Amino acid sequence: MIPESLSHGQYDTVYNFLSLVIASQLFTAVFLLISLPRILARYRQAITVAIIVCGIAAYHYFRIFDSFKAAFVTKSVGGTGTYSQAVGASFNEGYRYVDWLLTVPLLLVELVAVLALARKVQSKLLIRLVPAAGLMIALGYPGEISGDNGIRGIFGILSTIPFAYILFVLFTQLSKSLENQPAGVRGTLGRLRFLLLLSWGVYPIAYLLPLLNIAGSDAWVYKQVGYSIADIVAKAVYALIIFQVAKIKSYDDDRTFAETETSLAEREHLAERRPVAERS
């Protein structure tokens with residue numbers, strides 16, 4: 001439940017974390033867009049999806065940020081007092097679920113796309129993973145907006161079923177595909193599944209806070225902070241790792257491309273170390 005009021009410190013905590021997520025998602029997307037030419041064309045689909053994921057997240061966090069500022073207001077001079085719910089306004093938690101409904105399936109598309117598997121194998125994996133991801137988010141939303149812990153618990157259990165199925169596919173079926181990956185990225189891709197598990201694990205913990213009798217404004221702030229950190233890890237950090245995997249695989253696939261990129265990187269590094277006067 002949304003608290004009726006927040007202390008100044010609680011308000012600033014949520015405000016700053018929402019701002020951090022916007023910056024993380026937005027500038028990760030910008031970096032990936034600029035860096036697209038640094039990988040081979042066959043891996044750019046994965047990075048393009050990563051850019052879209054971060055862009056969608058940045059947009060929705062702008063909306064969440066605006067909703068938060070409109071929902072909690074203070075009459076104290078300088079904004080140092082208690083923030084109360086504004087009359088006629090409320091914090092819209094639905095923005096998060098719309099974001100997750102779009103981005104969570106795309107995170108799985110990123111992982112499968114960077115593997116560059118045969119089209120038939122890719123399609124088989126995506127047909128199993130994407131609907132399950134959408135179902136997981138859709139089943140979680142009714143419990144999120146309910147003030148009844150019984151309903152929250154029921155939908156929490158229901159959304160866990162597709163979540164468990166996704167983990168089954170990631171840790172069993174996808175392992176077969178990892179065997180055909182270059183040795184340099186096999187371990188990274190394997191650990192990437194654990195990163196997803198770790199970051200996704202924050203969501204149910206935050207979701208279950210009311211069921212653990214942790215309520216009030218502190219619990220709500222913890223939930224917002226938890227969701228924000230999880231979104232940074234699951235989207236921005238995850239995207240940067242996917243990019244690194246794509247880069248390593250590009251070098252492994254094409255030695256000429258690797259030599260060209262390495263030479264370019266060395267020239268850029270040397271240029272950065274030169275005095276400003278010499279550069280001009």
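Author: Ala 164 has a relative accessible area of 42%, so this residue counts as partly exposed (buried is under 20%, exposed is over 50%, and partly exposed is in between, with a 1.4 Å probe and protein chains only). The model is predicted: local features need pLDDT of at least 70 and side-chain atom pairs pLDDT 80 or more, while totals for chains, interfaces and linings use all residues. Residues are numbered from 1 along each chain as its sequence is written, and side-chain values use heavy atoms, with hydrogens and water left out.

Ala 164 belongs to helix 5 (helices are DSSP runs of H or I with at least four residues, strands are runs of E with at least two, and both are numbered from the N terminus). Between Ala 164 and Met 136 there are 28 residues of sequence separation, and their C-alpha atoms are 9.5 Å apart.

Helix 5 covers residues 149–178, and its axis comes within 8 Å of the axis of helix 4, residues 119–145, at a crossing angle of roughly 160° (axes are lines fitted to C-alpha atoms over the stretch in contact, and angles run from 0 to 180 degrees between N-to-C directions). Helix 4 is therefore roughly antiparallel to helix 5, a label for angles over 145 degrees; under 35 is roughly parallel, 65 to 115 roughly perpendicular and the rest oblique. In the contact of these two helices there are 19 nonpolar, five polar and three charged residues (Ala, Val, Leu, Ile, Met, Phe, Trp, Tyr, Cys and Pro count as nonpolar, Asp, Glu, Lys and Arg as charged, and the others, Gly among them, as polar).

Another helix pair is formed by helix 1 (residues 8–35) and helix 2 (residues 44–71), which pack at about 155° with axes 8 Å apart. This angle makes helix 1 roughly antiparallel to helix 2. The residues of their contact are 21 nonpolar, four polar and one charged.

A further place to look is around Glu 93, in the loop between strand 3 and helix 3 (94–115). Glu 93 has a relative accessible area of 9% and therefore counts as buried. The side chain of Glu 93 has a polar contact of 3.2 Å with that of Gln 224 (a pair of N or O atoms within 3.5 Å; within protein, one must be able to donate a hydrogen and the other to accept it, and residues adjacent in sequence count only if both atoms are side-chain atoms). Another polar contact, of 3.4 Å, links the side chains of Glu 93 and Lys 223. Lys 223 sits in helix 7, residues 216–253, and is buried because its relative accessibility is 8%. Its C-alpha atom is 9.5 Å from that of Leu 208, 15 residues away along the chain.

Strand 3 (residues 83–85) pairs with strand 1 in the antiparallel sense over two bridges; pairing requires at least two bridges found by DSSP. The three strands make an open antiparallel sheet in the order 1-3-2. Its edges are strand 1 (5–6) and strand 2 (72–73), each pairing on one side only.

As a whole, the protein has nine helices and three strands, and 46% of its 280 residues count as buried.
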